[in-house]
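Subject: Structure for your files

Hello,

Here is the structure you will be working with. My notes on it follow below.

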Amino acid sequence: LKTDLLAAIDAASGVDALEAVRVHALGKQGAVTGLLKTLGGMSPEERQETGPRIHGLREAVTEAIAARKAALEGAALEAKLASETLDMTLPVDGVPAGTVHPISQVMDELAEIFADMGFAVATGPEIEDDWHNFTALNIPETHPARAMHDTFYLAGEHDRPMVLRTHTSPVQIRTMTSTPPPIRIIAPGRVYRSDSDATHTPMFHQIEGLVIDKGITLGHLKWTLETFLKAYFERDDIVLRLRPSYFPFTEPSAEVDVGFTWKNGKREIGGSGDAENGGWMEVLGSGMVHRRVIEACGLDPDEWQGFAFGTGVDRLAMLKYGMDDLRAFFDGDLRWLKHYGFSA
Ligand code: PHE
């Protein structure tokens, strides 16, 4: 029986065939199992003599099955590996490459333009405290910018309410309180307001500019903005109009408009803004840094003066590349990115 079983095990050509042999030998009705059952009816002497031989048989068969099983599985794996080899030297085609998002691209462009004028890039946290976002910027408790409908509030530590910064202006404060003047920085980054429609998204991008030095005037502000806008829109016929306005942290404050010209029913930046061929478009908020802001940062406003400006990066991108829906920036739609040449 042993010889027969071992031969059958050896002959099993696959895992299934081997399993059939196992059941035939060791299963409930199996040959070896049958022999084991006869032990019960034997006399003690007989059992002493026959028992070890039957147990030995069972062990030998069990081992042979295990060994054969390992061999069959090994062979199956080898065959699988052999059939699945990859030719790593074959060329690949059509792997889509990522590209820089238009907003990131415009922020890089802006940083480069201002770097040429001697401005460094400063950053601040997007989760900001009330003091940096409002108080130090001379925005009193009663200012509408603090109202819940504009500002996202967060539960703060130590009873200090935190906000998602509503503008990049807190970076003015962070810079003035950490860096001795003279200061020339821009601060691009994300800002948040609880607002959403075709021209507003709850998260958008601003860029802030700040200059603090001695004897700084509105003339410096105008020259800086004009030089920047000419470089950004890549044309010399940029005409600025400074319109008196109000920001709590600048005095005087000015909204900056650029002249546009109608071209094929579309506004194109450039030109004098005369009503017949075009008009004015608001592009920036700006002003001379309020002395209370300079004071709040621990500087003497009689010694140090400066100007600040802020604007929406998304808006600047839309104006330059002729896009008309702000929300598309944040949809990640490859067709849209491709249309404006921003995707491979
Ligand atoms: N922080 C202002 C805003 O978000 C913009 C601004 C910045 C105005 C700096 C003046 C000076 O609208």
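In helix α2, the residues Leu 18, Val 21 and Ala 25 are buried, where buried means under 20% relative accessible area, exposed means over 50% and partly exposed lies in between (1.4 Å probe, protein chains only). They cover an arc of only 60 degrees around the axis, which puts them on the same side of α2; the arc is that of the directions from the helix axis to the C-beta atoms. The face turned away from the buried side of α2 carries the exposed residues Asp 16 and His 24. Cover for the buried residues of α2 includes α1 (2–11), α3 (31–38) and α4 (44–83). Helix α2 has twelve residues (15–26), which at 1.5 Å a residue should span 16 Å, and its end C-alpha atoms are 16 Å apart, which agrees. The expected span is 1.5 Å times one less than the number of residues. Helices (H or I, at least four residues) and strands (E, at least two) are DSSP runs, numbered from the N terminus.

Two points on the source. This is a predicted model, in which local features need pLDDT of at least 70 and side-chain atom pairs count only at pLDDT 80 or more, while totals for chains, interfaces and linings use all residues. Residues are numbered from 1 along each chain as its sequence is written, and side-chain values use heavy atoms, with hydrogens and water left out.

Helix α5

The buried residues of α5 are Pro 102, Ile 103, Val 106, Met 107, Glu 109, Leu 110, Ile 113 and Phe 114. Seen down the axis of α5, they fall within an arc of 160 degrees, so they line one face of the helix. Exposed residues Glu 112 and Asp 116 sit on the face of α5 turned away from its buried side. The buried residues pack against β5 (183–192), β6 (203–213), α8 (218–233), β11 (305–312), α10 (313–321) and α11 (334–339). Just after α5, Gly 118 takes a positive phi of about 90 degrees.

The ligand

Which residues are closest to the ligand? Of the 14 residues that surround the ligand, the closest are His 167, Ser 169, Arg 193, Gln 206 and Glu 208; a residue counts as near if one of its heavy atoms lies within 4 Å. A polar side-chain atom of His 167 is 3.0 Å from a nitrogen atom of the ligand. Arg 193 has a side-chain N or O atom 3.0 Å from an oxygen atom of the ligand, and a polar side-chain atom of Gln 206 lies 3.0 Å from an oxygen atom of the ligand. The protein covers 89% of the 320 Å² of accessible area that the ligand has on its own; areas come from the Shrake-Rupley method with a 1.4 Å probe, and for residues only the protein chains shown count as cover. β6, β10 (278–289) and β11 each supply at least two residues of the shell, and β11 gives the most, with three residues.

Thr 201 is in the loop between β5 and β6 and is buried, with a relative accessible area of 7%. Leaving aside neighbours within four places in sequence, Thr 201 is in contact (heavy atoms within 4.5 Å) with Arg 193, Asp 195, Leu 326, Arg 327 and Phe 330. A polar atom of the Thr 201 side chain lies 2.6 Å from the backbone oxygen of Met 203.

Asn 138 is in the loop between α6 (130–133) and β3 (153–154) and counts as buried at 16% relative accessibility. A polar contact of 2.9 Å joins the side chains of Asn 138 and Arg 292. Such a contact is a pair of N or O atoms within 3.5 Å; within protein, one must be able to donate a hydrogen and the other to accept it, and residues adjacent in sequence count only if both atoms are side-chain atoms.

Backbone points

Most residues other than glycine have a negative phi, and most peptide bonds are trans. Asn 138 has a positive phi of about 65 degrees, and Asn 264 one of about 50 degrees. The bond from Pro 181 to Pro 182 is cis, with omega near 5 degrees. Another cis peptide bond joins Glu 251 and Pro 252, with omega about -5 degrees.

Regards
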